[in-house]
Amino acid sequence: MNARADAVASGTAATVAAHAAAASTTVSRAEPEGAAIPTTYGASDRPPRGDYATARSDYVCDQNWSSYTPAQHDRYRRLYADRIAHLPGLACDEFLDALAAMEAADAIPDLAKISVPLKAATGWTLVAVPGLIPEDAFFALLAARRFPVTVWLREEDEFDYIVEPDIFHDFFGHVPLLFNPMFADYMQAFGQGGLKAASLGGLEYLARLYWYTVEFGLIDTPQGLRIYGAGIVSSGSEPGHALQATEPARVAFDLERLMRSEYKIDTFQATYFVIDSFAQLFEATAPDFGPIYRRVREQSSHPAGVVLPGEKIFAI
Ligand code: PHE
Ligand code: CO
């Protein structure tokens with residue numbers, strides 16, 4: 001089992017984190033026809049995978065649904081079946097119910113078709129993108145309630161392990177909760193917050209927030225702890241680790257504590273933050289982050305996995 005697979009497959013958090021770590025968002029090879037290829041990518045020097053030539057300046061491209069091959073549809077179907085088998089009793093009902101309602105188990109979804117019920121439910125639309133996109137483009141799409149989904153599907157030898165978000169991670173992991181009104185509002189607010197975070201020196205802290213909520217978040221429910229983070233649900237093996245292993249620290253959500261917490265990109269998480277509702281998440285992140293970023297910047301960061309004195313830890 002390669003744990004890195006599961007963690008790094010966490011999609012857009014990789015974008016946010018990668019760009020937050022970079023001094024600035026640099027783009028190279030400005031092409032008059034298409035979007036520039038983002039060059040700041042993760043801890044790697046590789047350019048992101050994907051065809052950026054046909055993308056427009058906002059990085060949106062056509063999905064070209066009819067060009068997926070039968071083998072790709074079949075691989076997606078097997079990924080879906082494999083991952084969903086790990087989730088009963090572990091993923092939250094909001095995720096599982098919305099996933100089932102999309103009826104997207106059998107073939108790679110047509111993003112325009114799924115956007116119809118999604119738009120009716122929460123006003124969000126899915127848009128196709130060539131792959132990882134620069135953070136400013138990413139935040140602008142979220143702020144406009146447009147969720148970017150990578151068009152390409154992983155190869156067969158990446159079934160358990162993939163280093164960049166593909167359509168399976170982006171769709172299966174992220175889209176179900178966009179049907180939840182409170183979470184949908186949180187994602188838009190995140191985009192708006194992202195657009196102003198750079199000038200406040202807050203990108204690193206905002207990336208941690210994305211990582212520990214959108215990608216790796218847990219929620220406390222009357223039935224027990226459940227997963228809502230996209231990076232966990234789209235992994236075959238992290239669900240068990242997140243909810244059943246004794247090692248990780250499961251800490252009650254606290255915005256400043258979270259922003260001071262480093263995270264792992266190459267193993268399962270050592271710390272998970274637990275919200276008690278999506279309303280709590282939305283309300284706790286509504287205040288202006290300007291003063292919060294300033295406070296956090298003046299304090300030291302906590303390594304992943306530490307438990308602070310007096311901190312509430314959730315039992316499993
Ligand atoms: N309140 C944040 C700010 O002022 C915006 C935000 C909301 C960021 C929700 C992330 C999530 O920057
Ligand atoms: Co993701």
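**Close-up views of a predicted model**

Among contacts (heavy atoms within 4.5 Å) between residues at least 6 apart in sequence, 69% join residues at least 24 apart. This is a predicted model, in which local features need pLDDT of at least 70 and side-chain atom pairs count only at pLDDT 80 or more, while totals for chains, interfaces and linings use all residues. Residues are numbered from 1 along each chain as its sequence is written, chains are lettered from A and ligands numbered from 1 in the order in which they are written, and side-chain values use heavy atoms, with hydrogens and water left out.

**View 1. The crossing of helices α6 and α8.** Helix α6 spans residues 135-143 and helix α8 residues 181-197; their axes (lines fitted to C-alpha atoms over the stretch in contact, with angles from 0 to 180 degrees between N-to-C directions) come within 7 Å and cross at roughly 140 degrees. The two helices (DSSP runs of H or I, at least four residues) are therefore oblique to each other, a class left after angles under 35 degrees (roughly parallel), over 145 (roughly antiparallel) and 65 to 115 (roughly perpendicular).

**View 2. The residues between α6 and α8.** On the α6 side, D136, F139, A140, L142 and A143 take part, meeting residues of α8 that include M187, F190 and L195.

View 3. R154 lies in the loop between β4 (146-150) and α7 (167-174); a strand is a DSSP run of E, at least two residues. Beyond its neighbours within four places in sequence, R154 contacts residues including R49, R75, D166 and H169.
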